Amino acid sequence: MNFFQKTPVTRIKLNKEKRGRRNRLVLVSAITSSCVFVDLVNFFHDLIGEVLLSSYYLSDVWKTMRVRDSDLPIEEEWAKFFNPNRTLKLLGLDCRIKDAADFGCGYGTFTIPAAQIISGKIYALDIEPEMVRTVERKAKELSLNNVVAILRDFMSEGSGLKDSSVDFVFLFNILHAETPVVLLKEAYRILKPGGKAGIIHWRYDETIRDGPSMDIRPKPEQCRQWAESVGFHFKKQFDLKPYHYAIIMEK
Ligand SMILES: C[S@@+](CC[C@H](N)C(=O)[O-])C[C@H]1O[C@@H](n2cnc3c(N)ncnc32)[C@H](O)[C@@H]1O
């Protein structure tokens, strides 16, 4: 008898081992292939998402409700026109203000200083992904965890914020919009009773060549009238020389 010849018992053992090995192999390959499958599904899901998002931004669809003449010059140029801290204090922003919203935050010229003054959150809305990213980056650099930057078209979708939820709304350099009353109505809706809307705009002076063109640049009386038409009460007007004026309206 061949020493290595298998007896029925060893054959059964070997068969069992073989089956065990095969089962383990089947299990391992099932797990591997389901992981690969999940990875593939995730990959294609992300890919489709990226493609859709890119084509959305590459198309001009997202710009359709963009406020006319609302492109900003480079940040250094824009910063020269303002003294944000002084202006915000003049408008009455202090730590008694809890939450605020900045409609069309741009580079965060006012969002970031405001976040350092108020006691709650500031919601910074803009239609441009680049502006939203800039505000997020600045907030991170300064470890400000009360800045909520939101990519949003507030003209067609509204702000998405709750009724009577904020104490202050910034409408800075934005009321030359095609439909300013839509914007003011939205500001009124989200403000708590007694809450304030701050309006800043370029002076109606044709020697001031920066800012939107004269035919769409609103006069302070016009801004005030639009705001009153949606229910606001006039509180104060300031000169922000040399380029701007500011108005405070109350809900
Ligand atoms: C002239 S900038 C003013 C920026 C900022 N408020 C300031 O005074 O420094 C107007 C900003 O509004 C944004 N904007 C224009 N139309 C918008 C819309 N429909 N929804 C959201 N943001 C919009 C622009 O992308 C731009 O950043």
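Start at the ligand and select strand 2 (122-126) and helix 6 (154-157): each of them gives at least two residues to the shell around the ligand. Keep in mind as you look that this is a predicted model. Now widen the selection to the whole shell, which has 22 residues, with V67, G104, G106, I127 and F172 the closest. Colour the shell by class and you'll get 12 nonpolar, five polar and five charged residues.

In what order do the seven strands of the open sheet lie? They go 3-2-1-4-5-7-6, with mixed pairing. At the edges sit strand 3 (147-151) and strand 6, each pairing on one side only. From one strand to the next, the twist averages 15 degrees.

Click F234 to find its bridge partner in strand 7, M249. Strand 5 (residues 191-202) is also antiparallel to strand 7, again with seven bridges; here, G198 has I248 as its partner.

Now bring in helix 8 (residues 220-229), which lies across strand 5, strand 6 and strand 7, at about 20 degrees to strand 7. Then try helix 5 (residues 129-141): it lies across strand 2 and strand 3, at about 165 degrees to strand 3.

Last stop: the largest nonpolar core, with 50 residues. L171 is one of the members that touch the most others. Strand 4 (residues 166-172) supplies the largest share of this core, six residues. Beyond its sequence neighbours within four places, L171 contacts residues including F103, L183 and A187.

Conventions: Residues numbered from 1 in each chain as written. Predicted model: local features only at pLDDT ≥ 70, side-chain atom pairs only at ≥ 80, totals over all residues. Pairing = 2+ DSSP bridges. Helix = DSSP H or I, 4+ residues; strand = E, 2+ residues; numbered from the N terminus. Near = placed C-beta within 6 Å. Nonpolar A, V, L, I, M, F, W, Y, C, P; charged D, E, K, R; others polar. Core = buried A, V, L, I, M, F, W, Y, C linked by C-beta atoms within 7 Å. Buried ≥ 20, exposed ≤ 12 C-beta atoms within 10 Å, placed from the backbone. Contact = placed C-beta atoms within 7 Å. Axes fitted to C-alpha atoms, helices over the stretch in contact; angles between N-to-C directions.
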